[in-house]
Amino acid sequence: MQLKVDQPKVLKVGKIGRLITHAAMALTCTLTSLPHVKAEASSQTEKKSGYFSGLRNWADWSGEIGLLGYSETEGRVQAIEPGINLNALFDGDRNWNIKLVYDALTGSSPNGALISDQPQTFTSPSGKANYTTQPGDIPLYDQFRDSRVALSTSWSQPLTRLLKGNIGLNASKEYDYLSMGLNTSLSKESEDKNTTYSLGLSYTNDSINPVGGTPIPLATMVAAGLPQPKEGTSESKSTIDLLLGVTQVINRSWIVQANLSLGLSSGYMNDPYKFVTIHNDTLGPSLGDPASYIYENRPDSRTKQSIYLASKSYSKYGILTLSYRFLSDDWGLTSHTLESNFNFALNRSWRLQPGLRVYTQSAVDFFRYSIGSGEALPSELTADTRLGDMMAITPGLKIIKKLENEREISLLLQYYMQTGEKNPATAVGSQIGQDLFPDLNAFIVHFIYSF
Amino acid sequence: MFDPSYKFNDFKSYKVHAFKCLGGLCEILIETSDITKSNSIFKLLYDEAKRIEKKFSRYEKNNIVAKINTAAGRKTHLDKETAKLIHFADQLYAVSDGLFDITSGVLRRVWTFDQSSNVANLSDVEKILKFVGWQKVTLEKKAITMPAHFEIDLGGIGKEYAVDRCVSLAVQFGTTPVLVNFGGDIAVTGPKSNHQPWLVSIEDSTERYHLFSGGIATSGDKNKYLIHNDKKLSHILNPKTGWPLIDAPASITVVGENCTAAGALSTLAMLKSPYHAQFLKDEAEVYFIRS
């Protein structure tokens with residue numbers, strides 16, 4: 001749910017009010033082509049035209065075309081993501097939305113094993129080849145290449161004067177992943193239309209067909225060419241999300257919002273391509289060296305709760321947006337996200353929006369950098385740094401150019417900086433002094449044309 | 001252009017052009033320091049206001065309204081713009097359950113709202129009421145046929161329409177922010193160039209409204225009423241009874257997507273009196289009522 005305070009588009013009025021407004025708007029909009037006026041004004045006129053102008057008779061179209069580029073430094077993941085989002089507004093209050101996004105990813109992603117001062121050899125997911133990581137390098141699986149297509153559509157309309165309903169479907173497909181979901185929400189406005197309560201429910205079913213099959217949890221990696229410890233070809237996961245929200249208009253220039261959400265997932269949540277290093281824990285010169293690798297294992301259910309608070313306020317200097325999210329789950333992860341941006345006008349057609357996002361996360365209970373060869377194996381274990389203690393700061397700047405007829409183009413530039421504990425107290429022997437949680441930096445460039 | 005009513009004020013970053021038209025004082029505020037630009041925008045809008053006045057005024061002899069009103073039962077063909085306006089009036093008639101009726105103007109022949117207690121003669125009202133009633137009019141896509149002696153009066157929507165037409169011309173002209181105020185009915189091209197709203201004072205009230213876009217219109221005139229049996233008779237007439245509304249609010253101001261919408265809503269609200277408050281609550285986003 002997005003807050004929008006600057007220019008409300010749809011009047012929150014009854015049937016007669018809407019009818020009159022529509023008729024009155026049509027009265028002046030369609031008559032702009034009176035001949036005598038055209039002659040005088042045409043030199044300064046920039047008319048909206050193009051493909052959708054012909055469809056304007058039966059719906060009010062708006063939308064966005066975007067292109068996102070994501071590039072991690074040191075040649076890790078690169079992504080290009082073109083997308084299109086279309087909205088058709090019928091009779092001013094019924095809305096159909098369709099969104100299509102394509103993702104092309106290339107590069108290499110961490111395989112979960114720890115950096116070492118030794119060369120390390122891993123078996124590729126297919127079990128047919130191997131690859132070697134040089135001492136001091138992050139173990140990356142560099143054959144990483146994937147594309148994703150995501151399609152979603154939704155319909156929303158008023159059910160009664162104050163009640164609005166929304167229903168949506170979404171699907172996304174990757175080489176080894178298929179996700180399908182449906183969602184519905186209801187929002188109810190108070191009699192004075194200053195408060196909106198919303199209730200949302202969504203169900204998602206994901207199926208995963210990992211390359212080379214699903215590894216047996218916690219099984220030891222086997223050299224390429226040999227029979228692999230794989231137990232099946234496909235797994236699935238289902239998720240139910242519930243959201244309760246309140247949006248309150250404090251005054252004409254200030255809106256606040258609070259959401260509570262609950263997410264319940266069950267099924268396969270392992271990353272089938274991630275290893276955990278087993279290090280040598282016998283005292284001696286090879287203490288801390290990688291001895292073997294095992295496939296990770298995560299619990300088969302997860303319950304997440306989150307609170308989201310946001311405020312959007314308008315002043316003569318600009319529009320200030322602040323938000324905070326607190327999330328905790330039964331895996332032991334808690335996170336805080338603080339986000340702010342300030343949107344202000346440089347002149348009549350240019351706006352700037354500097355922003356900052358700060359994210360901190362505490363590790364799940366079963367996160368370990370690596371595990372000692374003499375230790376008893378816990379039933380759940382991951383070394384995926386995305387589930388470890390970490391912090392990320394993302395400064396950004398959005399440059400917005402307003403065009404005629406409410407069209408605009410914007411360019412968002414962001415730099416993502418993730419840091420974690422490089423020298424954890426648990427490091428032993430040769431692990432000490434290695435950068436066990438390498439920084440991750442990424443450039444994000446997002447170009448959007450909205451019409 | 002020679003117009004004795006024309007007045008011009010230069011406030012450096014604003015130019016205010018004023019003139020008399022459409023039965024009242026018209027003002028055009030143009031936010032620019034460029035006098036040439038201001039003059040060319042004004043000229044465009046002035047001509048448009050004058051064109052609309054000439055075309056739709058019921059005082060003109062040879063315009064389309066005169067043609068319709070003197071057709072004496074014959075069909076009158078309508079140009080696109082007139083057809084649009086009359087069809088809009090037809091929609092207002094439908095949604096107001098017959099309270100908004102452009103044939104009701106003839107009632108003004110028997111009513112004069114001069115703050116006195118001279119109410120109309122009952123039999124005069126009965127007589128003239130025979131020539132009122134939109135349901136007796138045949139409206140086609142581009143033609144209208146009215147019974148003899150019927151007259152239409154587009155005064156109830158023409159001024160607001162002129163405001164919106166002017167704003168839409170100003171928008172076509174370019175990005176210069178313009179506020180059009182024709183006798184208190186207002187619309188703007190958008191926010192001012194610093195992205196701030198226009199501050200509009202609501203007449204006879206301490207209220208002020210921040211207008212970012214769209215229009216504002218007021219229905220009612222505090223100076224036009226009659227006193228009858230200690231009751232105030234508003235100058236707004238119920239077309240069904242031929243009588244003024246009793247104890248209606250002095251005026252109702254509505255903010256809308258454009259001036260025509262605001263004007264139609266404020267007029268309809270007034271006609272709904274004494275249920276105007278509920279009507280506004282349901283149908284309008286922002287409104288002001290003065291009793």
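Mentor: With a relative accessibility of 2%, B:Glu81 counts as buried (buried is under 20% relative accessible area, exposed is over 50% and partly exposed lies in between, with a 1.4 Å probe and protein chains only). This is a predicted model, in which local features need pLDDT of at least 70 and side-chain atom pairs count only at pLDDT 80 or more, while totals for chains, interfaces and linings use all residues. Residues are numbered from 1 along each chain as its sequence is written, chains are lettered from A and ligands numbered from 1 in the order in which they are written, and side-chain values use heavy atoms, with hydrogens and water left out.

The partner of B:Glu81 is B:Arg51, and their side chains form a salt bridge at 2.8 Å, N to O (a side-chain nitrogen of Lys or Arg within 4 Å of a carboxyl oxygen of Asp or Glu). B:Arg51 belongs to helix 1 of chain B and B:Glu81 to helix 3 (residues 80-95) of chain B, so the pair ties together parts that are 30 residues apart in sequence. Helices here are DSSP runs of H or I with at least four residues, strands are runs of E with at least two, and both are numbered from the N terminus.

B:Arg51 also forms a salt bridge with B:Glu48, where the closest N and O atoms are 2.8 Å apart. Both B:Arg51 and B:Glu48 sit in helix 1 (residues 35-56) of chain B, three residues apart, which is about one turn of the helix. B:Glu48 is buried, at 1% relative accessible area.

For a second pair, take B:Asp124 and B:Lys127, whose side chains meet in a salt bridge at 4.0 Å, N to O. Both lie in helix 4 (residues 122-129) of chain B, again three residues apart, about one turn of the helix. B:Asp124 is partly exposed, with 31% relative accessibility. In chain A, salt bridges with shared partners link A:Asp271, A:Lys274, A:Glu296, A:Arg298, A:Asp384 and A:Arg386 into one network. Over all chains the count is 30 salt bridges.

Between chain A and chain B, however, the count is zero salt bridges. Seven residue pairs across that boundary are in polar contact, both residues at pLDDT 80 or more (a pair of N or O atoms within 3.5 Å; within protein, one must be able to donate a hydrogen and the other to accept it, and residues adjacent in sequence count only if both atoms are side-chain atoms). On the side of chain A that touches chain B, helix 1 (15-29), helix 2 (35-41) and strand 16 (301-315) of chain A each supply at least two residues. Helix 1 of chain A gives the largest share of that side, eleven residues. By type, the side of chain A that touches chain B has 15 nonpolar, twelve polar and eleven charged residues (Ala, Val, Leu, Ile, Met, Phe, Trp, Tyr, Cys and Pro are nonpolar, Asp, Glu, Lys and Arg charged, and the others, Gly among them, polar). The contact draws 38 residues from chain A and 42 residues from chain B, contact meaning heavy atoms within 4.5 Å. The two chains bury about 3,800 Å² between them, 60% of it on carbon and sulfur atoms; buried area is the accessible area (1.4 Å probe) that two parts lose on being put together, summed over both.

Chain A has two helices and 23 strands, and 41% of its 451 residues count as buried. Among contacts in chain A between residues at least 6 apart in sequence, 60% join residues at least 24 apart.

Back in chain B, a few backbone details remain. B:Ser273 and B:Pro274 are joined by a cis peptide bond with omega of about 10°, and B:Pro274 is in the loop between helix 6 (259-271) and helix 7 (276-283) of chain B. B:Ala72, although not a glycine, has a positive phi of about 50°; its place is the loop between helix 2 (64-69) and strand 4 (75-77) of chain B. B:Asp247 is not a glycine either, and its phi is positive at about 55°. B:Asp247 lies in the loop between strand 14 (244-246) and strand 15 (251-256) of chain B and is partly exposed, at 43% relative accessibility.
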